[in-house]
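Hi there,

Here is the structure I promised to pass on.

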Amino acid sequence: MLTMALLAVLGFLAGLLGALTGIGGGVLLTPILALYFGIPIREAIGTSLVAVITTSTASSSVHLQRHTTDIRLGMTLELATALGAAVMAYMVGYFNRNFLEGLFAAFLLYSAITILTKGGKVKPEEESSPAANGEVVIPHYEPQRYPLGLGASLVAGALSGLLGIGGGPIKVPLMYIFMNVPLMVATATSNFMIGVTATASAIVYYRRGDILVQYAAPIAVGVFLGSLLGAQLAPRIHRKYVVYLLVAVMFYLSGHLLLHLLRGVL
Amino acid sequence: MSELREPAFDRAVAIVLRTGAFVCFFIMLAGLIFGFFVKGPIPLEIERAGVLLMLATPVVRVVVACVLFFREKDRKYGWISMGVLLILLLGSVFGIGEH
(Lines give C-alpha, C1' and ligand atoms only; values in the text may rest on other atoms or scores of the structure.)
Protein backbone atom coordinates (compact mmCIF):
# COMPACT_ATOMS: atom_id res chain seq x y z
CA MET A 1 0.00 0.00 0.00
CA LEU A 2 2.88 2.32 0.87
CA THR A 3 4.59 1.32 -2.36
CA MET A 4 1.49 2.25 -4.30
CA ALA A 5 1.27 5.71 -2.74
CA LEU A 6 4.97 6.22 -3.42
CA LEU A 7 4.54 5.20 -7.06
CA ALA A 8 1.62 7.59 -7.47
CA VAL A 9 3.71 10.44 -6.02
CA LEU A 10 6.63 9.58 -8.33
CA GLY A 11 4.27 9.51 -11.29
CA PHE A 12 2.86 12.86 -10.22
CA LEU A 13 6.34 14.42 -10.08
CA ALA A 14 7.33 12.91 -13.42
CA GLY A 15 4.12 14.18 -15.03
CA LEU A 16 4.61 17.62 -13.51
CA LEU A 17 8.24 17.89 -14.64
CA GLY A 18 7.29 16.57 -18.07
CA ALA A 19 4.55 19.15 -18.57
CA LEU A 20 6.75 21.99 -17.28
CA THR A 21 9.83 21.20 -19.34
CA GLY A 22 8.61 19.24 -22.34
CA ILE A 23 10.98 16.44 -21.39
CA GLY A 24 9.01 13.23 -21.00
CA GLY A 25 8.70 11.44 -17.70
CA GLY A 26 9.66 8.03 -19.10
CA VAL A 27 13.32 8.87 -19.02
CA LEU A 28 13.14 9.35 -15.22
CA LEU A 29 10.66 6.61 -14.33
CA THR A 30 12.54 3.75 -15.97
CA PRO A 31 15.77 4.14 -13.93
CA ILE A 32 13.80 4.85 -10.73
CA LEU A 33 11.81 1.64 -11.14
CA ALA A 34 14.96 -0.32 -11.93
CA LEU A 35 17.09 1.12 -9.12
CA TYR A 36 14.72 1.63 -6.20
CA PHE A 37 11.97 -0.90 -6.82
CA GLY A 38 14.17 -3.77 -7.95
CA ILE A 39 12.38 -4.18 -11.26
CA PRO A 40 14.45 -5.68 -14.11
CA ILE A 41 15.28 -3.06 -16.74
CA ARG A 42 13.07 -4.51 -19.48
CA GLU A 43 10.00 -4.57 -17.23
CA ALA A 44 10.89 -1.05 -16.04
CA ILE A 45 10.94 0.17 -19.65
CA GLY A 46 7.62 -1.53 -20.44
CA THR A 47 5.96 -0.17 -17.32
CA SER A 48 7.05 3.41 -17.90
CA LEU A 49 5.78 3.20 -21.49
CA VAL A 50 2.29 3.34 -19.98
CA ALA A 51 3.23 6.66 -18.34
CA VAL A 52 4.57 7.94 -21.66
CA ILE A 53 1.27 7.10 -23.40
CA THR A 54 -0.72 8.75 -20.60
CA THR A 55 1.29 11.97 -20.88
CA SER A 56 0.98 12.14 -24.65
CA THR A 57 -2.75 11.38 -24.63
CA ALA A 58 -3.56 13.97 -21.99
CA SER A 59 -1.40 16.76 -23.41
CA SER A 60 -2.05 16.29 -27.11
CA SER A 61 -5.77 16.78 -26.58
CA VAL A 62 -4.87 20.28 -25.36
CA HIS A 63 -2.63 20.95 -28.38
CA LEU A 64 -5.38 19.71 -30.71
CA GLN A 65 -7.79 22.23 -29.29
CA ARG A 66 -5.36 25.00 -30.11
CA HIS A 67 -5.22 23.60 -33.68
CA THR A 68 -1.44 23.45 -33.67
CA THR A 69 -1.20 19.73 -34.48
CA ASP A 70 -0.67 18.63 -38.08
CA ILE A 71 -2.61 15.37 -38.00
CA ARG A 72 -1.76 14.47 -41.62
CA LEU A 73 1.96 14.95 -41.16
CA GLY A 74 1.84 13.13 -37.81
CA MET A 75 -0.04 10.17 -39.25
CA THR A 76 2.40 9.89 -42.17
CA LEU A 77 5.47 9.89 -39.96
CA GLU A 78 3.75 7.44 -37.61
CA LEU A 79 3.98 4.85 -40.38
CA ALA A 80 7.73 4.91 -39.73
CA THR A 81 7.82 5.51 -35.95
CA ALA A 82 5.29 2.76 -35.21
CA LEU A 83 7.11 0.29 -37.45
CA GLY A 84 10.48 1.11 -35.89
CA ALA A 85 9.02 0.92 -32.39
CA ALA A 86 7.23 -2.42 -32.87
CA VAL A 87 10.20 -4.15 -34.54
CA MET A 88 12.69 -2.85 -31.97
CA ALA A 89 10.40 -3.75 -29.07
CA TYR A 90 10.31 -7.27 -30.47
CA MET A 91 14.10 -7.43 -30.76
CA VAL A 92 14.58 -6.13 -27.21
CA GLY A 93 13.21 -9.48 -26.05
CA TYR A 94 16.48 -11.05 -27.18
CA PHE A 95 18.81 -8.43 -25.77
CA ASN A 96 21.09 -8.99 -22.81
CA ARG A 97 19.69 -7.11 -19.81
CA ASN A 98 23.02 -5.64 -18.77
CA PHE A 99 23.52 -4.36 -22.28
CA LEU A 100 20.09 -2.75 -22.17
CA GLU A 101 20.81 -1.16 -18.79
CA GLY A 102 24.15 0.19 -20.01
CA LEU A 103 22.48 1.58 -23.10
CA PHE A 104 19.88 3.32 -20.98
CA ALA A 105 22.49 4.82 -18.65
CA ALA A 106 24.46 6.11 -21.65
CA PHE A 107 21.33 7.59 -23.18
CA LEU A 108 20.41 9.30 -19.91
CA LEU A 109 23.88 10.81 -19.59
CA TYR A 110 23.84 11.94 -23.21
CA SER A 111 20.41 13.59 -22.82
CA ALA A 112 21.46 15.40 -19.65
CA ILE A 113 24.58 16.78 -21.33
CA THR A 114 22.65 17.80 -24.45
CA ILE A 115 20.03 19.67 -22.43
CA LEU A 116 22.73 21.37 -20.38
CA THR A 117 24.75 22.56 -23.37
CA LYS A 118 21.62 23.85 -25.07
CA GLY A 119 20.96 25.92 -21.96
CA GLY A 120 17.61 24.33 -21.40
CA LYS A 121 16.19 25.54 -24.68
CA VAL A 122 14.03 22.61 -25.63
CA LYS A 123 11.23 24.61 -27.17
CA PRO A 124 12.17 28.27 -27.04
CA GLU A 125 9.54 29.67 -29.37
CA GLU A 126 6.50 28.22 -27.76
CA GLU A 127 6.74 30.37 -24.66
CA SER A 128 6.60 33.57 -26.66
CA SER A 129 3.71 32.44 -28.84
CA PRO A 130 0.34 33.95 -28.02
CA ALA A 131 -1.14 30.55 -27.20
CA ALA A 132 -2.72 31.81 -23.99
CA ASN A 133 -5.66 33.57 -25.62
CA GLY A 134 -6.47 30.56 -27.77
CA GLU A 135 -5.86 32.30 -31.10
CA VAL A 136 -2.65 30.95 -32.53
CA VAL A 137 -1.45 32.28 -35.85
CA ILE A 138 0.41 29.67 -37.84
CA PRO A 139 2.24 30.78 -40.97
CA HIS A 140 1.51 28.79 -44.11
CA TYR A 141 3.95 25.97 -44.68
CA GLU A 142 4.41 22.86 -46.76
CA PRO A 143 6.25 19.91 -45.18
CA GLN A 144 9.31 18.99 -47.24
CA ARG A 145 11.77 16.10 -47.55
CA TYR A 146 9.36 13.31 -46.68
CA PRO A 147 11.91 10.51 -47.42
CA LEU A 148 14.34 12.01 -44.90
CA GLY A 149 11.50 12.56 -42.44
CA LEU A 150 10.35 8.96 -42.70
CA GLY A 151 13.89 7.62 -42.35
CA ALA A 152 14.63 9.64 -39.24
CA SER A 153 11.21 8.74 -37.82
CA LEU A 154 12.08 5.07 -38.19
CA VAL A 155 15.15 5.69 -36.01
CA ALA A 156 13.13 7.73 -33.49
CA GLY A 157 10.58 4.93 -33.30
CA ALA A 158 13.27 2.30 -32.81
CA LEU A 159 14.78 4.34 -29.96
CA SER A 160 11.32 4.57 -28.42
CA GLY A 161 10.87 0.81 -28.60
CA LEU A 162 14.37 0.25 -27.23
CA LEU A 163 14.34 2.65 -24.28
CA GLY A 164 10.67 3.38 -23.63
CA ILE A 165 10.95 7.07 -24.45
CA GLY A 166 8.91 9.39 -26.65
CA GLY A 167 11.69 10.50 -28.98
CA GLY A 168 10.71 14.18 -29.02
CA PRO A 169 14.34 15.39 -29.11
CA ILE A 170 14.69 13.72 -32.53
CA LYS A 171 11.30 14.46 -34.05
CA VAL A 172 10.99 18.16 -33.13
CA PRO A 173 14.27 19.29 -34.77
CA LEU A 174 13.60 16.94 -37.69
CA MET A 175 10.28 18.57 -38.52
CA TYR A 176 11.42 22.09 -37.64
CA ILE A 177 14.81 22.19 -39.36
CA PHE A 178 14.56 19.64 -42.18
CA MET A 179 10.87 19.46 -43.03
CA ASN A 180 10.20 23.19 -42.87
CA VAL A 181 7.45 22.94 -40.24
CA PRO A 182 6.93 25.82 -37.74
CA LEU A 183 8.35 24.96 -34.32
CA MET A 184 5.00 25.26 -32.58
CA VAL A 185 3.47 22.75 -34.98
CA ALA A 186 6.53 20.48 -34.78
CA THR A 187 6.28 20.35 -30.97
CA ALA A 188 2.54 19.61 -30.95
CA THR A 189 2.80 17.04 -33.75
CA SER A 190 5.73 15.24 -32.10
CA ASN A 191 3.76 15.05 -28.88
CA PHE A 192 0.75 13.76 -30.81
CA MET A 193 2.83 11.01 -32.44
CA ILE A 194 4.29 9.75 -29.17
CA GLY A 195 1.01 8.12 -28.14
CA VAL A 196 0.85 5.86 -31.19
CA THR A 197 4.62 5.25 -31.26
CA ALA A 198 4.76 4.22 -27.59
CA THR A 199 1.63 2.09 -28.03
CA ALA A 200 3.21 0.19 -30.92
CA SER A 201 6.02 -0.90 -28.60
CA ALA A 202 3.85 -1.16 -25.46
CA ILE A 203 1.64 -3.79 -27.13
CA VAL A 204 4.72 -5.96 -27.75
CA TYR A 205 6.02 -5.39 -24.21
CA TYR A 206 2.62 -6.23 -22.77
CA ARG A 207 2.25 -9.47 -24.72
CA ARG A 208 5.67 -10.52 -23.45
CA GLY A 209 4.65 -9.80 -19.85
CA ASP A 210 6.97 -6.81 -19.54
CA ILE A 211 4.33 -4.35 -18.31
CA LEU A 212 3.78 -4.72 -14.58
CA VAL A 213 0.20 -3.58 -14.08
CA GLN A 214 0.50 -3.20 -10.29
CA TYR A 215 3.24 -0.59 -10.87
CA ALA A 216 1.91 0.94 -14.08
CA ALA A 217 -1.55 1.82 -12.71
CA PRO A 218 -0.52 3.96 -9.69
CA ILE A 219 2.18 5.65 -11.78
CA ALA A 220 -0.29 6.47 -14.57
CA VAL A 221 -2.78 7.90 -12.07
CA GLY A 222 -0.05 10.17 -10.69
CA VAL A 223 1.26 11.13 -14.14
CA PHE A 224 -2.23 12.13 -15.26
CA LEU A 225 -2.74 14.47 -12.29
CA GLY A 226 0.82 15.80 -12.50
CA SER A 227 0.58 16.70 -16.17
CA LEU A 228 -2.77 18.42 -15.64
CA LEU A 229 -1.26 20.59 -12.92
CA GLY A 230 1.91 21.14 -14.92
CA ALA A 231 -0.05 22.41 -17.93
CA GLN A 232 -1.72 24.96 -15.64
CA LEU A 233 1.52 26.03 -13.98
CA ALA A 234 3.71 26.10 -17.09
CA PRO A 235 3.13 29.74 -18.09
CA ARG A 236 3.86 31.00 -14.56
CA ILE A 237 7.08 29.21 -13.78
CA HIS A 238 10.76 29.90 -14.49
CA ARG A 239 11.35 26.97 -16.74
CA LYS A 240 15.11 27.30 -16.58
CA TYR A 241 15.37 26.28 -12.92
CA VAL A 242 13.08 23.31 -13.43
CA VAL A 243 15.26 22.17 -16.33
CA TYR A 244 18.41 22.42 -14.18
CA LEU A 245 16.71 20.39 -11.46
CA LEU A 246 15.77 17.80 -14.05
CA VAL A 247 19.31 17.66 -15.45
CA ALA A 248 20.70 17.15 -11.93
CA VAL A 249 18.29 14.24 -11.36
CA MET A 250 19.25 12.76 -14.73
CA PHE A 251 22.98 12.91 -13.93
CA TYR A 252 22.38 11.32 -10.55
CA LEU A 253 20.24 8.53 -11.99
CA SER A 254 22.65 7.72 -14.82
CA GLY A 255 25.55 7.54 -12.36
CA HIS A 256 23.60 5.31 -10.03
CA LEU A 257 22.52 3.13 -12.94
CA LEU A 258 26.13 2.66 -14.07
CA LEU A 259 27.18 1.75 -10.52
CA HIS A 260 24.28 -0.67 -10.28
CA LEU A 261 25.35 -2.21 -13.57
CA LEU A 262 28.99 -2.56 -12.48
CA ARG A 263 27.94 -4.23 -9.26
CA GLY A 264 25.80 -6.65 -11.24
CA VAL A 265 28.56 -7.51 -13.69
CA LEU A 266 31.40 -7.90 -11.20
CA MET B 1 -1.69 19.25 -48.24
CA SER B 2 -1.14 20.31 -44.69
CA GLU B 3 -4.18 22.45 -44.24
CA LEU B 4 -4.41 23.17 -40.57
CA ARG B 5 -7.53 24.85 -39.26
CA GLU B 6 -9.90 21.97 -39.53
CA PRO B 7 -11.57 22.64 -36.21
CA ALA B 8 -14.11 19.81 -36.45
CA PHE B 9 -11.45 17.21 -37.26
CA ASP B 10 -9.16 18.40 -34.48
CA ARG B 11 -12.02 18.44 -32.02
CA ALA B 12 -13.15 14.89 -32.84
CA VAL B 13 -9.64 13.51 -32.32
CA ALA B 14 -9.19 15.60 -29.16
CA ILE B 15 -12.44 14.21 -27.73
CA VAL B 16 -11.24 10.62 -28.30
CA LEU B 17 -7.97 11.32 -26.50
CA ARG B 18 -9.48 13.26 -23.62
CA THR B 19 -12.22 10.70 -23.04
CA GLY B 20 -9.67 7.89 -23.12
CA ALA B 21 -7.36 9.62 -20.65
CA PHE B 22 -10.13 10.50 -18.20
CA VAL B 23 -11.86 7.10 -18.32
CA CYS B 24 -8.55 5.28 -17.83
CA PHE B 25 -7.64 7.55 -14.94
CA PHE B 26 -10.89 6.82 -13.13
CA ILE B 27 -10.76 3.06 -13.80
CA MET B 28 -7.18 2.81 -12.50
CA LEU B 29 -8.01 5.01 -9.51
CA ALA B 30 -11.04 2.83 -8.76
CA GLY B 31 -8.82 -0.25 -8.91
CA LEU B 32 -6.30 1.30 -6.52
CA ILE B 33 -8.94 2.44 -4.02
CA PHE B 34 -10.72 -0.90 -4.26
CA GLY B 35 -7.39 -2.59 -3.48
CA PHE B 36 -7.25 -0.86 -0.09
CA PHE B 37 -10.44 -2.63 1.00
CA VAL B 38 -10.53 -5.89 -0.92
CA LYS B 39 -7.94 -8.63 -1.04
CA GLY B 40 -7.56 -10.95 -4.00
CA PRO B 41 -7.14 -10.55 -7.73
CA ILE B 42 -10.13 -8.29 -8.51
CA PRO B 43 -8.49 -4.87 -7.85
CA LEU B 44 -5.53 -5.83 -10.02
CA GLU B 45 -7.85 -6.88 -12.83
CA ILE B 46 -9.59 -3.50 -12.66
CA GLU B 47 -6.19 -1.81 -12.90
CA ARG B 48 -5.33 -4.08 -15.82
CA ALA B 49 -8.51 -2.98 -17.61
CA GLY B 50 -7.42 0.66 -17.12
CA VAL B 51 -3.92 0.00 -18.46
CA LEU B 52 -5.24 -1.92 -21.48
CA LEU B 53 -7.74 0.84 -22.24
CA MET B 54 -4.85 3.30 -22.08
CA LEU B 55 -3.03 1.24 -24.73
CA ALA B 56 -6.24 1.09 -26.78
CA THR B 57 -6.82 4.87 -26.77
CA PRO B 58 -4.18 5.77 -29.41
CA VAL B 59 -5.42 2.83 -31.52
CA VAL B 60 -8.97 4.20 -31.37
CA ARG B 61 -7.57 7.62 -32.28
CA VAL B 62 -6.08 6.13 -35.47
CA VAL B 63 -9.37 4.38 -36.32
CA VAL B 64 -11.38 7.58 -35.84
CA ALA B 65 -8.95 9.63 -37.96
CA CYS B 66 -9.06 6.92 -40.65
CA VAL B 67 -12.87 7.03 -40.80
CA LEU B 68 -12.84 10.85 -40.90
CA PHE B 69 -10.28 10.91 -43.73
CA PHE B 70 -12.32 8.51 -45.86
CA ARG B 71 -15.48 10.48 -45.13
CA GLU B 72 -13.71 13.63 -46.33
CA LYS B 73 -12.78 11.68 -49.49
CA ASP B 74 -9.14 12.20 -48.52
CA ARG B 75 -8.22 8.67 -49.57
CA LYS B 76 -4.46 9.13 -49.42
CA TYR B 77 -4.49 9.85 -45.71
CA GLY B 78 -7.22 7.30 -45.14
CA TRP B 79 -4.90 4.60 -46.45
CA ILE B 80 -1.96 6.00 -44.49
CA SER B 81 -4.06 5.72 -41.31
CA MET B 82 -4.99 2.18 -42.32
CA GLY B 83 -1.27 1.40 -42.64
CA VAL B 84 -0.55 2.74 -39.14
CA LEU B 85 -3.43 0.63 -37.80
CA LEU B 86 -2.02 -2.45 -39.50
CA ILE B 87 1.40 -1.89 -37.90
CA LEU B 88 -0.21 -1.49 -34.48
CA LEU B 89 -2.07 -4.77 -34.94
CA LEU B 90 1.10 -6.48 -36.20
CA GLY B 91 2.73 -5.42 -32.94
CA SER B 92 0.30 -7.55 -31.02
CA VAL B 93 1.25 -10.56 -33.13
CA PHE B 94 4.98 -9.99 -32.60
CA GLY B 95 4.74 -10.32 -28.85
CA ILE B 96 3.32 -13.82 -28.82
CA GLY B 97 5.29 -16.77 -27.57
CA GLU B 98 8.16 -14.96 -25.89
CA HIS B 99 8.53 -14.69 -22.16
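**The core and what surrounds it**

The largest nonpolar core holds 118 residues, and those touching the most other members are Val50(A), Ala82(A), Ala86(A), Ala202(A) and Ala220(A). A nonpolar core here is a set of buried Ala, Val, Leu, Ile, Met, Phe, Trp, Tyr and Cys residues joined through C-beta atoms within 7 Å. Buried stands for 20 or more other C-beta atoms within 10 Å of a residue's own, exposed for 12 or fewer, and partly exposed for anything in between, with C-beta atoms placed from the backbone.

Please bear in mind that this is a predicted model: local features need pLDDT of at least 70, side-chain atom pairs count only at pLDDT 80 or more, and totals for chains, interfaces and linings use all residues. Residues are numbered from 1 along each chain as its sequence is written, while chains are lettered from A and ligands numbered from 1 in the order in which they are written.

Two residues are in contact if their C-beta atoms, placed from the backbone, lie within 7 Å.

**Chain B and its side towards chain A**

Chain B has three helices and zero strands, in the pattern α-α-α along the sequence. Helices (H or I, at least four residues) and strands (E, at least two) are DSSP runs, numbered from the N terminus. Of its 99 residues, 42% count as buried. Among contacts in chain B between residues at least 6 apart in sequence, 46% join residues at least 24 apart.

How many residues of chain B are in contact with chain A? There are 47, and they meet 50 residues of chain A. Helix H1 (7-37), helix H2 (42-71) and helix H3 (75-94) of chain B are the elements that give two or more residues to this side. H1(B) gives the most, with 15 residues. By class, the side of chain B that touches chain A has 29 nonpolar, eleven polar and seven charged residues. For these classes, Ala, Val, Leu, Ile, Met, Phe, Trp, Tyr, Cys and Pro count as nonpolar, Asp, Glu, Lys and Arg as charged, and the others, Gly among them, as polar.

One pair joins the two chains. The axes of helix H9 (residues 213-233) of chain A and H1(B) come within 9 Å and cross at roughly 130°. Axes are lines fitted to C-alpha atoms, for helices over the stretch in contact, and angles run from 0 to 180 degrees between N-to-C directions. H9(A) is therefore oblique to H1(B); angles under 35 degrees count as roughly parallel, over 145 as roughly antiparallel, 65 to 115 as roughly perpendicular and the rest as oblique. On the H9(A) side the contact includes Ala220(A) and Phe224(A), and on the H1(B) side it includes Phe25(B) and Met28(B). In total this contact has ten nonpolar, one polar and no charged residues.

Within chain A, H6(A) and helix H8 (residues 183-207) pack at an angle of about 50°, with their axes 9 Å apart. That makes H6(A) oblique to H8(A). The residues in contact are Gly157(A), Ser160(A) and Gly161(A) of H6(A) and Thr197(A), Ala198(A) and Ser201(A) of H8(A). They comprise one nonpolar, five polar and no charged residues.

Also in chain A, helix H2 (residues 26-36) and helix H10 (residues 239-265) pack at about 40°, with axes 10 Å apart. These two helices are therefore oblique to each other as well. Among the residues that make the contact are Leu28(A) and Pro31(A) of H2(A) and Leu253(A) and His256(A) of H10(A).

**Two loop residues to look at**

Arg145(A) has a positive phi of about 55° although it is not a glycine. Arg145(A) sits in the loop between helix H5 (97-117) and helix H6 (146-163) of chain A. With 13 other C-beta atoms within 10 Å, Arg145(A) is partly exposed.

Lys73(B), also not a glycine, has a positive phi near 60°. Its place is the loop between H2 and H3 of chain B. Lys73(B) is exposed, with 7 other C-beta atoms within 10 Å.

Best wishes
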